[in-house]
Every structure is written in C-alpha cells, then in structure tokens.
Amino acid sequence: MSKDLESSYLLIFREAEKYIPIMSIWWTTFIFKEYISEDGNEVLYCIDSHGKVKVFEILIIYLLYIIHISILFLVYSIFWDNVFFEFLKTAIQCFFFTSLAYMLIYTLKSTIISFMFLLIYELFAIFIRSEFTTYISIFENGNRVTIHVIITKYLVVLLLSVVFLVIGVYKNKKFYC
C-alpha cells in the first residue's frame, strides 16, 4: 500500500509541475492584452500617472493564483506528508513564469508572443532530455523535492525571477513615456 501511495505522489506532482506553473501566466496574458496589443492602448497609460507601472497588478495576480493553488496543496497535504516543499517549489516556479512573462510582454510588446515563448520553454524543458535542458530547466520532472534542492536550485530561480521582475518594471516605465 505504501508503494502505491509513493508512486501516486510522484505521478501527481510530476503532472502538476507540467500545468500549474505555466497557468500562472494565463491571467497575466489576458489582462495585459489590452495594455499592450489593442489599438489606442497608449490612452490607458496617459489617464493616470500611477497607472504606468503595472508591477502591483502583476503581484496581485500572482498572489491570487498562489492562493488558488494553495487550496489544492492543502488537499494534497491530507494524503501525503511534506507537501510544503512541493508547494514552495511550485510557488517559485509560478513567480519565475509570472516575472518572465511581465518582462517579455513589455520587451516584445506582445502578449501572445510572450506566452508562446514561455510555452515553448516549458515544453522544451520538460520533454527534451539532454544535459543542456537539465541545466536550464526549472523543473524536477517527478523527483522529490528536499530542502537541499530548495536552497541550491530554487533560491537561484527566485533571484533570477526578481531580476526579471526588475527588468520588467524598467521596460514598463520605458513603454509609453
């Protein structure tokens, strides 16, 4: 029975890792479409001087998404122990995708191209098995997450995400000024 529980743990978190992080940019893509791609979008930046920088909207979208997935992980914690590291890993992955999407949206000036770039990255990192993809991948591909992995790998991913967010704020300020 314990072997079945362990294999279901690995299977569920391997599948969750494929879908939960990339879906964190779903709301961002559709909310920011009007600010980037629509005709007359410069008017949205001229109305309010505070409205030029959209980092607070990005962080609110991210936090709402984390609240939603925390309910899922709370249910997971009923069946398995030590789900907190999986939740922490997933939250960092979602922050990586959200901050990278924010930077790419204002760099490429397109929400669709940004979404497709991130989708291709995820598919490449998850399904292509090579030494190069293991180096650039933020995914664990079904391996158990320990505190050592959080400290060594995901702390770097978190710092890189903050850098992407800062670059996104800079690009956002330069968008219509």
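1. Ground rules. This is a predicted model, in which local features need pLDDT of at least 70 and side-chain atom pairs count only at pLDDT 80 or more, while totals for chains, interfaces and linings use all residues. Residues are numbered from 1 along each chain as its sequence is written, and side-chain values use heavy atoms, with hydrogens and water left out.

2. Overall make-up. The secondary structure comes to 8 helices and 0 strands, so the order from the N terminus reads α-α-α-α-α-α-α-α (helices being DSSP runs of H or I with at least four residues, strands runs of E with at least two, numbered from the N terminus). Buried residues make up 43% of the 177 residues; buried means under 20% relative accessible area, exposed over 50%, and partly exposed in between, with a 1.4 Å probe and protein chains only. Of the contacts with a separation of 6 or more, 76% are between residues 24 or more positions apart, a contact being heavy atoms within 4.5 Å.

3. α4 against α5. Helix α4 (residues 55-79) and helix α5 (residues 84-108) pack at about 155°, with axes 10 Å apart. Axes here are lines fitted to C-alpha atoms, for helices over the stretch in contact, and angles run from 0 to 180 degrees between N-to-C directions. That angle makes α4 roughly antiparallel to α5; the cut-offs are under 35 degrees for roughly parallel, over 145 for roughly antiparallel, 65 to 115 for roughly perpendicular, and oblique for the rest. The crossing is right-handed, a label used if the near helix is turned clockwise from the far one by less than a right angle, with anticlockwise giving left-handed.

4. Who makes that contact. On the α4 side you'll find, among others, Ile 58, Tyr 62, Tyr 65, Ile 69 and Phe 73, and on the α5 side residues including Glu 86, Phe 87, Cys 94, Phe 95 and Tyr 102. The residues of this contact split into 13 nonpolar, 3 polar and 1 charged. For that tally, Ala, Val, Leu, Ile, Met, Phe, Trp, Tyr, Cys and Pro count as nonpolar, Asp, Glu, Lys and Arg as charged, and the others, Gly among them, as polar.

5. α5 against α6. These two pack at about 140°, with their axes 8 Å apart, which makes α5 oblique to α6. Their crossing is right-handed. From α5 the contact draws on residues including Phe 96, Phe 97, Leu 100 and Leu 104, and from α6 on residues including Ile 113, Phe 117, Leu 118 and Tyr 121.

6. Glu 86. Leaving aside neighbours within four places in sequence, Glu 86 touches Tyr 9, Phe 13, Phe 73, Asn 143, Arg 144 and Val 145. Thr 146 is 60 residues from Glu 86 in sequence, yet their C-alphas are 8.6 Å apart.

7. Beyond its neighbours within four places, Gln 93 is in contact with Glu 17, Pro 21, Ile 138, Phe 139 and Tyr 154.

8. Ser 161. This one is in helix α8 (residues 147-175) and counts as buried at 0% relative accessibility. Setting aside neighbours within four places, its contacts are Ile 92, Phe 95, Phe 96 and Ser 99.

9. Lys 109, a backbone point. Lys 109 lies in the loop between α5 and α6 (111-127) and is partly exposed at 49%. Its phi is near 60°, a positive value in a residue other than glycine. Most residues other than glycine have a negative phi.
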